[in-house]
Amino acid sequence: TTGSGVLAQDGVRVCYLTDIMTTNVEAWLRGPVPDVPPLLMPAAHALMHAEEDATRALQGLTTEQIWMKRSSAASIGYHLRHIAGSVDRLCTYARAGTLTEAQQSQRRAESSTPSPLPDASALTKEVNQAVAAALDQLRRTPPDTLLDPTNPLSKISAGRPILELFC
């Protein structure tokens with residue numbers, strides 16, 4: 001049997017091996033991402049995993065459900081807009097750049113509820129575009145710069161906290 005598995009009596013989803021070997025395989029288990037330097041492969045896989053999780057989270061939800069807030073918790077829509085914006089900002093920091101006014105404005109806008117409300121398709125597109133741009137940046141990163149001690153960003157590879165870069 002193939003598909004998304006079955007729901008057992010105790011409510012636990014049982015997946016078949018064929019599922020695990022095809023549709024539900026985590027990004028890092030699918031092998032290297034083409035043209036991404038090996039040292040950046042974990043970042044590429046994490047981006048792909050987040051993109052896929054975001055897409056799955058929206059499946060079957062209405063626009064109203066996506067933007068619903070429960071007590072003080074932020075909506076799913078907010079989180080997806082924040083993922084897209086954060087990925088973009090992290091890529092800027094990784095290039096040792098400073099945020100543009102457009103990025104600053106987008107960051108501020110993430111916390112407000114947009115009108116009209118973006119639906120699942122629009123939010124998925126935002127996340128997909130941010131991840132695609134980040135993967136392109138990873139592909140363009142010269143591998144010889146990653147461990148260069150004169151590169152301030154190599155501090156991450158040396159095991160120092162990332163906050164050191166911004167303090």
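Predicted model: local features only at pLDDT ≥ 70, side-chain atom pairs only at ≥ 80, totals over all residues.
**How α4 meets its neighbours**

Helix α4 and helix α5 cross each other in a left-handed sense.

The wider setting is as follows. The protein chain has 6 helices and 2 strands. Along the sequence these elements come in the order β-β-α-α-α-α-α-α. Of the 167 residues in the protein chain, 28% are buried. Where contacts join residues at least 6 apart in sequence, 50% of them link residues at least 24 apart.

Helix α4 itself comes next. Its 19 residues reach 27 Å from the first C-alpha to the last, which is close to the 27 Å expected at 1.5 Å a residue. Which residues of α4 are buried? They are G77, L80, R81, A84, G85, S86, V87, R89, C91 and T92. An α-helix has 3.6 residues a turn, so residues three or four places apart point the same way. The buried list can be read with that spacing in mind, for it includes G77, L80, A84, V87 and C91. What covers the buried residues of α4 includes α2 (41-58), α3 (63-67), α5 and α6 (120-140).

One of these covering helices, α6, has a contact with α4 that can be described in detail. The axes of α4 and α6 come within 9 Å and cross at roughly 15 degrees. That makes α4 roughly parallel to α6, since angles under 35 degrees are counted in that way. The crossing of α4 with α6 is left-handed. From α4 the contact takes in G77, L80, R81, I83, A84, V87, C91 and A94, while α6 contributes L123, E126, V127, A130, A134 and Q137. By class, these residues come to 10 nonpolar, 2 polar and 2 charged.

The axes of α2 and α6 come within 10 Å and cross at roughly 175 degrees. That makes α2 roughly antiparallel to α6. The residues in contact are A43, A44, L47, M48, E51, A54, T55 and L58 of α2, together with A120, L123, T124, V127, N128, V131, A134, L135 and L138 of α6. This contact divides into 13 nonpolar, 3 polar and 1 charged.

A57 lies in helix α2. In sequence A57 and L80 are 23 residues apart, and in space their C-alpha atoms are 9.7 Å apart. A57 has a relative accessible area of 43% and so is partly exposed, whereas L80 is among the buried residues of α4.

The loops hold some backbone features of their own. Most residues other than glycine have a negative phi, and most peptide bonds are trans. S71, in the loop between α3 and α4, has a positive phi near 45 degrees. With 78% relative accessibility, S71 counts as exposed. A96 sits in the loop between α4 and α5. Its relative accessibility is 56%, so A96 counts as exposed. Which two residues are joined by a cis peptide bond? They are S115 and P116, and omega is about -5 degrees there. P116 belongs to the loop between α5 and α6.

How values were computed:
Residues numbered from 1 in each chain as written. Heavy atoms only, no water. Left-handed = near helix turned anticlockwise from the far one by under 90°. Helix = DSSP H or I, 4+ residues; strand = E, 2+ residues; numbered from the N terminus. Expected span 1.5 Å × (residues − 1). Buried < 20%, exposed > 50% of the residue type's maximum accessible area, 1.4 Å probe, protein only. Contact = heavy atoms within 4.5 Å. Axes fitted to C-alpha atoms, helices over the stretch in contact; angles between N-to-C directions. Parallel < 35°, antiparallel > 145°, perpendicular 65-115°, else oblique. Nonpolar A, V, L, I, M, F, W, Y, C, P; charged D, E, K, R; others polar.
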